[in-house]
Amino acid sequence: MEHITTPKVENVKLLDRYTDRKAANGTLYLTATHLIYVDASADVRKETWILHHHIVSVEKLPLTTAGYPLLIHCKNFRVAHFVIGQERDCHEVYTSLLKLSQPAKPEELYAFSYNPKVSKESREIGWKLIDLKVDYQRMGIPNDYWELTDVNKDYEVCNTYPPEIVVPRAASKAVVIGSSRFRSRGRIPVLSYLYKENNAAICRCSQPLSGFSARCLEDEQMLQAIREANPGSPFMYVVDTRPKLNAMANRAAGKGYENEDNYDNIRFKFIGIENIHVMRSSLQKLLEGACRPCEWPLFFTPRREKLCEMKSPSMSDFLTGLENSGWLRHIKAVMDAGVFLAKAVKDEKASVLVHCSDGWDRTAQVCSLASLLLDPFYRTFEGFMVLIEKEWIAMGHKFSHRCGHLDGDPKEVSPVFTQFIECVWQLMQQFPCCFEFSERLLLEIHDHVYSCQFGNFLGNCHKEREDLKIFEKTHSLWPFLLEKKQELRNPLYKGFTAYKELQPNTLPFSFQKAFKQDFQCPSLPGSHSQVRDFLLMCLSACPGCYSWSG
């Protein structure tokens, strides 16, 4: 509460930017965790709640005849436009929100103060709800070729991996440690998914420290052990998800990619997914060029002169903006990579080793999508939670940096997980009967990645969460979502056994289903027409999270 100088401001207008209806008039409250707006002009009590952690930017606009405008952009694509009567009140709310929305220390995040009034035992049970050992057992691990080992229990192999990892049984501890010294940040090849039908495996790691000519015997032995763990195939794929030019540039820094001459029976392939900076720029272009001004930005501040001048874009404007942003091309690239992995495993019966630079962004996208295509379990409520826990949380996707949870380097922020969620949504459009959950589950998860209400997505790796005592001091998201299972269910779902592997179409026309019109926004006043579905479907998230009448 130390940052709040004015906890209550009356006679605040909340503008409806989509219709000509009269602006709402009410009271704005600042609490330790939320901005709350109570509409006094409505026939029934209506509240709009905005989490401080959801706010990405606060902007004071030039004075108008109505008062002092304050524009709030949120990480989940929501925007609120307030007009405050007094300049002093506007400035104090502005100053408070700047500080409240940019915590400097992890302990200031909402999860550490959130108290759902459940017992300590219930909280502990909630954290044990998703057990990755059970998922590995479901794959048939341990077996003759793979084992779950605690070789990383003290993080001596890799400090961004979990304490227990799955590696080939034939790989000795010396091989594991030797390989870790030859991989960027020690992120050695570990199992992501085992396709039981033919023993083909999807493994993941970071780029090798190969430079122009360096090699490592232990790393070569590690890849050989992965290949030999699949006796049905004489070779394995090594997939670098980066553009070739990017990977080649890394060689000058002593990193790079595998030399096929040094590794027995591998087939090397570049995929060409761009880096986090290109993705951040792409989303910025999409939101600036293809969306209404009130739908800016996710992580960005738009050009001021456009903010209040731009009108609703025509379909032609939207399509031009979409094309110029390259957003769907990037989504297609990620989808293509996932499809390649799934086909290699199922049709060619070959194991695949995947990496990007450090193995925590593009690698997570591709491995999780391939698993989703191959295994119907991951298309269930519990399975999807297991998939996110296994491929994203446990394996060290940098949620804190990528989502901007704390005040830090803006160049580390990038919509990597948002892209994964959109890819899943694209699959749901092509296969509407194959997922137990509806798009509302995607929205809930996406919202809570940024809300910091639960501890799952705090920190950048398992070790950081242990150091922060996340499991003792915060609550898990998964029990919360399972309690809402009925309202998040897909009524078209045909069951676990109806569809096994999915083979999506990734030709450009197949992504046209991402467009939708007459989209409703129940959380902020007014309804309006929309043309971009996933990025703006975030606007239609559960009204109970932000506003309700009563």
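**Pockets, cavities and confidence**

Tutor: The lining of the largest pocket holds 16 nonpolar, 4 polar and 12 charged residues. Keep in mind that this model is predicted.

Student: What makes a lining residue nonpolar, polar or charged?
Tutor: The residue type decides. Take the residues nearest the centre of the largest pocket: Ile130, Leu132, Glu389, His462 and Phe471.

Student: Why is one space called a pocket and another a cavity?
Tutor: Ask whether the probe can get out. A pocket is an open set of points; in a cavity a 1.4 Å probe fits but cannot get out. The search of the whole structure finds 5 cavities of 30 Å³ or more.

Student: How do you know that the second largest cavity belongs in that count of 30 Å³ or more?
Tutor: Set its volume against the cut-off. The second largest cavity has about 80 Å³, and the count takes in cavities of 30 Å³ or more.

Student: What lines the second largest cavity?
Tutor: Its lining includes Val339, Ala342, Lys343 and Lys346, as well as Leu373 and Leu374. Helix H10 (327-346) gives the most, with 4 residues. Helix H11 (362-374) also supplies at least two. By class, the lining has 6 nonpolar, 1 polar and 4 charged residues.

Student: What makes a residue of this chain count as buried?
Tutor: Its relative accessible area must be under 20%. Of the 550 residues, 59% count as buried.

Student: How many helices and strands does the chain have?
Tutor: There are 19 helices and 15 strands.

Student: How do you know how far to trust the model?
Tutor: Look at pLDDT, the predictor's confidence in each residue, from 0 to 100. The chain averages 88, and 87% of the residues score at least 70. Over residues 292-311 the pLDDT is below 50, though the stretch has 68 contacts beyond near neighbours in sequence in the model. Residues 512-550 are also below 50, with 132 such contacts.

Conventions:
Residues numbered from 1 in each chain as written. Predicted model: local features only at pLDDT ≥ 70, side-chain atom pairs only at ≥ 80, totals over all residues. Heavy atoms only, no water. 1 Å grid on protein atoms, 1.4 Å probe; cavity = no way out; pocket = protein on both sides within 12 Å on 5 of 7 lines; lining within 4 Å. Points joined across faces, edges and corners; volume = space filled by probe spheres on them. Nonpolar A, V, L, I, M, F, W, Y, C, P; charged D, E, K, R; others polar. Buried < 20%, exposed > 50% of the residue type's maximum accessible area, 1.4 Å probe, protein only. Contact = heavy atoms within 4.5 Å.
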